Amino acid sequence: MATTASTAQERAAELNVLARKQRSLWGDALYRLMRNKAAVGGLIVIVTAFLVAALAPLIAPYSPIEIPQNPASQMEPLWTGSKYTDPRYLLGTDFLGRDIVSRLIYASRISMIVGFVPTAIVFGLGVTVGMTAGFFGGWLDQALMRFTDIIYAFPDFLFLLIIVASFRNSPFGKLLDGLLLIFVAIAIVGWVGVARLTRGQVLALKEREFVEAARSVGATPRRIMAKHLLPNALAPLIVTAAFAVPGAILGEATLSFLGVGIIPPTPSWGQMINEGFPLFAANPWAVLLPAICISVVMLAFTFVGDGLRDALDPRMKT
Amino acid sequence: MADLLEVTDLHTQFFTRDGVVRAVDGVTFQVAAGETLGIVGESGCGKSVTALSLMRLIPQPPGKIVKGSIMFDGQDILKMDDDDVRGIRGNNIAMIFQDPMTSLNPVLTISRQISEALELHLKMDKSEARKRTIELLELVNIPSAKKRVDDYPHQFSGGMRQRVMIAMALSCNPKLILADEPTTALDVTIQAQILDLLKNLAREFRTAFILITHDLGVVAGMTQRINVMYAGRIVEKADTVELFANPKMPYTWGLLRSIPRLDESRKAKLVPIEGLPPDLIAPPPGCKFEPRCQYRRDVCKEKEPELKHIPNSKSDHEARCWGTQEGGWLVDTDWKREIGDTRLLEAIKQETASVTATPETPPGA
């Protein structure tokens with residue numbers, strides 16, 4: 001009798017455990033993110049942009065760089081119905097007669113790469129420096145943080161412009177059509193913010209008892225930083241990253257618009273605005289179309305960033 | 001049998017802006033293999049700092065172990081380099097922390113946290129560590145351990161989390177476990193369960209325990225010997241039965257008087273120890289307990305007594321008190337009957353009231 005009662009109890013306990021939905025912190029965050037319509041929309045846009053960038057040679061009808069034999073320059077998009085249209089070019093042509101659709105498609109490659117590569121460098125550098133400074137403290141912290149303060153003190157965009165403008169004509173500045181220089185410049189300007197954020201997080205986290213508990217089982221400082229501190233500091237860092245990506249895209253677009261970004265003829269959205277600008281009155285679409293592309297991608301990233309912030313820390317929701 | 005742990009003249013100090021805090025001031029004690037030692041005292045008397053010093057976990061700066069030696073298994077922990085100390089932490093000496101709610105990393109699963117020590121010290125791979133983790137959870141009586149290893153700490157109750165902490169401490173079969181107030185953050189029913197569990201584990205694995213607590217009730221059933229600490233010093237040491245039957249230091253009397261007892265008439269009042277523990281930056285020159293002691297005499301203020309064997313007691317019973325030592329005025333005092341000089345008690349009460357009131361007076365008033 002007693003045994004049946006106890007087994008029944010055990011079974012009930014088991015069922016109870018099974019019935020409860022197992023959900024990790026990250027699973028929970030993902031669930032909240034997926035319920036956010038704007039974020040999902042943003043994600044779809046970003047994935048599409050990625051696919052377009054990756055498959056550019058397959059999708060683009062013409063070469064983005066070569067100037068056609070009998071250029072029909074300054075064609076307007078087909079839907080305008082003006083006499084300056086050409087059925088071969090859906091969105092018209094630029095001042096050299098190159099197909100705008102193809103150029104927009106190829107330009108998305110620059111924007112996507114510029115969004116992610118510098119952000120990755122920024123985070124690698126920023127997290128390492130911030131983590132080291134915050135965790136070890138003392139003179140190391142002082143030295144690293146004074147250094148970041150110095151970089152932080154420069155106005156962001158001016159600094160970016162100075163770096164790019166001064167190295168543009170060096171051999172390094174010409175690598176990958178100037179892309180490498182832009183990566184490095186954006187990274188140099190950007191990592192300080194991440195370093196400060198990480199340091200702040202680590203300073204608060206390292207006083208928590210679980211860090212002491214980890215020490216008491218014999219974990220090395222590196223292990224504590226990687227396995228205990230980083231995962232706890234990750235939420236705000238991810239949100240920052242989600243906003244850093246559109247920042248970098250905009251940075252490149254602005255540099256290219258000012259004529260110190262990507263070296264022509266490689267297309268980039270900022271570059272295309274730059275080229276279309278003098279003839280804005282004649283054919284505004286050559287400027288508007290790349291501008292719309294930039295806006296849509298930026299907006300998509302911002303939505304995802306907002307969604308991530310709400311998903312990772314529901315308390316921050318406004 | 002040789003002692004597993006031998007702490008000699010340990011001094012741990014914190015160098016603060018206001019001065020040097022002598023948190024642990026010349027503490028000497030031993031723990032034999034498989035023995036359970038209780039360290040008892042009020043908040044801020046240096047119990048936890050002693051435990052952290054044993055594992056060299058004192059935050060540095062501001063803390064520093066200034067003097068002394070900690071011989072563990074024939075090696076001086078204070079003379080080891082950092083790598084060797086890490087090899088001991090978790091492996092030979094493990095620690096159970098006070099608050100299970102904050103001692104577990106909220107973003108890691110239970111299995112990953114328990115596996116940490118296994119991977120670090122026993123060099124187990126993931127699947128071995130996982131198997132052992134499940135065994136450990138079963139050992140500390142967590143129901144359906146297999147399903148719960150992948151849970152996160154927030155899915156566990158306080159008592160369960162403390163069981164997880166215990167499982168973590170046990171993971172590498174340490175020779176010594178330091179339990180720093182292991183039951184303070186739990187409610188009473190769970191406290192009893194956890195203490196039972198610790199007691200059984202100590203017996204089963206022959207692990208030595210150092211149980212740190214402010215609750216004499218907790219140590220009573222658990223330990224073989226007790227050290228009473230006050231203001232960074234050991235003021236009385238004896239085996240558990242002896243300490244409860246025949247305490248020999250007014251501070252211990254005070255502690256015992258302030259526990260409610262079921263076996264005494266309801267009229268018996270709880271007598272608290274008046275006053276506050278001394279400032280460890282500038283401790284009193286004589287006996288550290290003198291300012292709060294209702295049995296005090298002039299000697300107490302002038303010179304600090306040694307930790308010495310006490311007449312009318314077992315041979316290993318030592319206390320730091322002029323009154324109960326050879327030729328003292330408290331040798332034959334029955335602490336249960338004579339509460340000491342009540343006028344003195346009142347005076348102490350008023351003194352502390354005035355001291356605590358002063359900082360609150362606005363300047364210029």
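How many bridges join β9(B) to strand β10 (residues 233-239) of chain B, and do they run parallel or antiparallel? The two strands are joined by 6 bridges and run antiparallel. This is a predicted model, in which local features need pLDDT of at least 70 and side-chain atom pairs count only at pLDDT 80 or more, while totals for chains, interfaces and linings use all residues. Residues are numbered from 1 along each chain as its sequence is written, and chains are lettered from A and ligands numbered from 1 in the order in which they are written.

**View 1. Chain B as a whole.**
Chain B contains 12 helices and 12 strands; helices (H or I, at least four residues) and strands (E, at least two) are DSSP runs, numbered from the N terminus. The C-alpha trace of chain B spans about 65 × 55 × 50 Å along its principal axes. Of its 365 residues, 45% count as buried. A residue is buried if 20 or more other C-beta atoms lie within 10 Å of its own, exposed if 12 or fewer, and partly exposed in between, with C-beta atoms placed from the backbone.

**View 2. Strand β9 of chain B and its neighbours.**
In strand β9 (residues 225-230) of chain B, 6 of 6 residues are buried. R225(B), N227(B) and M229(B) lie on one side, and I226(B), V228(B) and Y230(B) on the other. Strand β3 (residues 36-40) of chain B runs parallel to β9(B) and is joined to it by 4 bridges; two strands pair if DSSP finds at least two bridges between them. L37(B) stands opposite R225(B). In β10(B), R233(B) is the bridge partner of Y230(B). β9(B) and β10(B) form a hairpin with 2 residues between them, and A231(B) in the turn has a positive phi of about 50°.

**View 3. An open sheet in chain B.**
This sheet has 4 strands in the order β2-β1-β4-β5 (chain B), with antiparallel pairing. β2 (19-32) and β5 (75-76) of chain B stand at the edges with a single partner strand each, so one side of each has no neighbour in the sheet. Strand β1 (residues 3-16) of chain B is joined to β2(B) by 11 bridges. D3(B) stands opposite A32(B) in β2(B).

**View 4. Helix α3 of chain A.**
The 18 residues of helix α3 (residues 37-54) of chain A should span 26 Å at 1.5 Å a residue, and the end C-alpha atoms are 26 Å apart, which agrees. The expected span is 1.5 Å times one less than the number of residues. The buried residues of α3(A) are A39(A), G42(A) and A49(A). They cover an arc of only 85° around the axis, which puts them on the same side of α3(A); the arc is that of the directions from the helix axis to the C-beta atoms. On the other side of α3(A), the exposed residues are K37(A), I44(A), V47(A) and L51(A).

**View 5. Where chain A touches chain B.**
Here 20 residues of chain A are in contact with 25 residues of chain B, contact meaning that the C-beta atoms, placed from the backbone, lie within 7 Å. On the chain A side, α1 (2-19), α10 (209-216) and α11 (221-257) each supply at least two residues. α10(A) gives the most to this side, with 7 residues.

Notes: Contact = placed C-beta atoms within 7 Å.
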